Amino acid sequence: MEIKAFTPQDFTEIYEFMYPLWHETYGTILPKEQIDFLLDKFFSEKGLQEYRSMGYEYFKLGDDGVLVFVERENETYMDKLYLRPSARGKGYPAEAFAFMAKRGKDLMLSANQANARALRCYQKNGFVIEKALDVELGNGMVNHDYILRKKI
């Protein structure tokens, strides 16, 4: 699998790529309203501009996935890692983690507490749950997440 930086064209297509993945991933975990709110927050033109201005980096995992992370002072925070169903089980997450680990900092991420598939993947790849966190989104919407770390 090749990991390469987003092109301008990739930014115009990310919402369409992510929409079915988010509904498949979170459809039984979150209300549709919350999924659509978060898709807009992260993948609308405005959301992408905001996150890119904060230093978030966007990468394609071949043609089958998206990796988004930001480098912080003491850690690399993985914000997004999503794969098409056909790409799962092929070791792509391990390659993405190795790619980020080249920065030489601990890896951090948050994952929905009810996303068992993602939690299994992260723990299999050496991440440890540090704490639970409830993130208020407004309008009664809350993300119930775990914060996980992988020491480098």
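For contact I took heavy atoms within 4.5 Å. Helices (H or I, at least four residues) and strands (E, at least two) are DSSP runs, numbered from the N terminus.

A note on what I am looking at: this is a predicted model, where local features need pLDDT of at least 70, side-chain atom pairs count only at pLDDT 80 or more, and totals for chains, interfaces and linings use all residues. Residues are numbered from 1 along each chain as its sequence is written, and side-chain values use heavy atoms, leaving out hydrogens and water.

Which residues of α2 are buried? I listed Gln34, Ile35, Leu38, Leu39, Phe42 and Phe43. They sit on the same side of α2, because they cover an arc of only 135° around the axis, taken from the directions from the helix axis to the C-beta atoms.

**Entry: the sheet**

Next I traced seven strands in an open sheet, in the order β1-β2-β3-β4-β5-β7-β6, with mixed pairing. Two strands pair if DSSP finds at least two bridges between them. The edge strands, β1 (3-5) and β6, each pair on one side only.

I then looked at β1 and β2 (residues 57-61): they run antiparallel and are joined by three bridges. Lysine 4 has lysine 60 in β2 as its bridge partner.

Back to α2: this helix packs on the sheet, touching β4, β6 and β7, and its direction makes about 60° with that of β7. Axes are lines fitted to C-alpha atoms, for helices over the stretch in contact, and angles run from 0 to 180 degrees between N-to-C directions. Helix α4 (residues 92-101) also packs on the sheet, touching β1, β2, β3, β4 and β5 (106-112); its direction makes about 155° with that of β4.

**Entry: the cores**

A nonpolar core is a set of buried Ala, Val, Leu, Ile, Met, Phe, Trp, Tyr and Cys residues joined through side-chain atoms within 4.5 Å. The largest one has 27 residues, and Ile14, Met18, Trp22, Phe43, Tyr58 and Val66 have the most contacts inside it. Which helix gives the most to this core? I found that α1 does, with seven residues.

I also checked valine 66: not counting residues up to four places away in sequence, its contacts include Ile14, Phe17, Met18 and Leu81. Leu81 itself belongs to a second, separate core of 20 residues, along with Leu83, Leu109 and Leu119 among others.

Definitions and conventions: Buried < 20%, exposed > 50% of the residue type's maximum accessible area, 1.4 Å probe, protein only.
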